[in-house]
Amino acid sequence: MQEEVTQKSIALVIKTSKLTTSTLKAAMQMYLNHQKQKNPGSKTHGKTSVRKLVGEGAGVSSIEISDGNIKSFERVARKYNVDFAVKKDKTNALPKYVVFFKGRDADVLSQAFREFVYGNEKKKGRTSVREKLKCFKDIVSQNKNRERTREHQKDRGQSL
């Protein structure tokens, strides 16, 4: 009985003369669209447009970011389930990004920013693998060019 409760199955009935992948895909898409219309109260979290973010009614705050590494910020923000919108400010010579987020998400967003900055600092502190390989390659090439001397000592017998 417990397995029946935890597992959910959907029966999808299609009338067609020939069942192809495109008809099955269309039927599933129609079902998903029907589910979205049925539950309009379910809000999506993560990256969204500014219009949708403002339309939800909560106060909107913003932060400017000059770093071009927005994708890594999006990964962290999704981890913390933050609703945000990113806009690129093209008025300056250097492009800046403005991140809009809900006022209620301020504490969660500050934690996400801390983790984002910590991750970027950690990445900057590391030396790349290519640089390490270049150093090792230089060390090995210095050792190859030295002159090798071979000395054979044959000591047969006892010495006093």
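Colleague: What makes the pair E115 and K79 a salt bridge?

Modeller: A salt bridge needs a side-chain nitrogen of Lys or Arg within 4 Å of a carboxyl oxygen of Asp or Glu. For E115 and K79 the closest N and O atoms are 2.9 Å apart, so the pair passes. Bear in mind that this is a predicted model, where local features need pLDDT of at least 70 and side-chain atom pairs count only at pLDDT 80 or more, while totals for chains, interfaces and linings use all residues. Residues are numbered from 1 along each chain as its sequence is written, and side-chain values use heavy atoms, with hydrogens and water left out.

Colleague: How many salt bridges does a search of the whole structure find?

Modeller: One. E115 sits in helix α5 (residues 106–125) and K79 in helix α4 (residues 70–79), so the bridge ties together parts 36 residues apart in sequence. Helices here are DSSP runs of H or I with at least four residues, strands are runs of E with at least two, and both are numbered from the N terminus.

Colleague: Why is K79 put in its accessibility class, and why is E115 put in its own?

Modeller: Buried means under 20% relative accessible area, exposed over 50%, and partly exposed in between (1.4 Å probe, protein chains only). K79 has 57%, so it counts as exposed. E115 has 26%, so it is partly exposed.

Colleague: Which residues make the contact between α4 and α5?

Modeller: With contact meaning heavy atoms within 4.5 Å, α4 brings S72, F73, R75, V76 and K79, and α5 brings L109, A112, F113, E115, F116, N120 and K123. By class that is six nonpolar, two polar and four charged residues.

Colleague: Which residues of α4 are buried, and what covers them?

Modeller: I70, S72, F73, E74, V76 and A77 are buried. The cover includes α5 plus β1 (60–65), β2 (84–89) and β3 (96–102). Just after α4, N81 takes a positive phi of about 60°.

Colleague: How many helices and strands does the protein chain have, and in what order do they run?

Modeller: Six helices and three strands, running α-α-α-β-α-β-β-α-α from the N terminus on. Of the 160 residues, 16% count as buried.

Colleague: What makes M28 partly exposed?

Modeller: M28 has a relative accessible area of 44%, so it lands in the middle class. M28 is found in helix α2 (residues 21–38).

Note on methods. Nonpolar A, V, L, I, M, F, W, Y, C, P; charged D, E, K, R; others polar.
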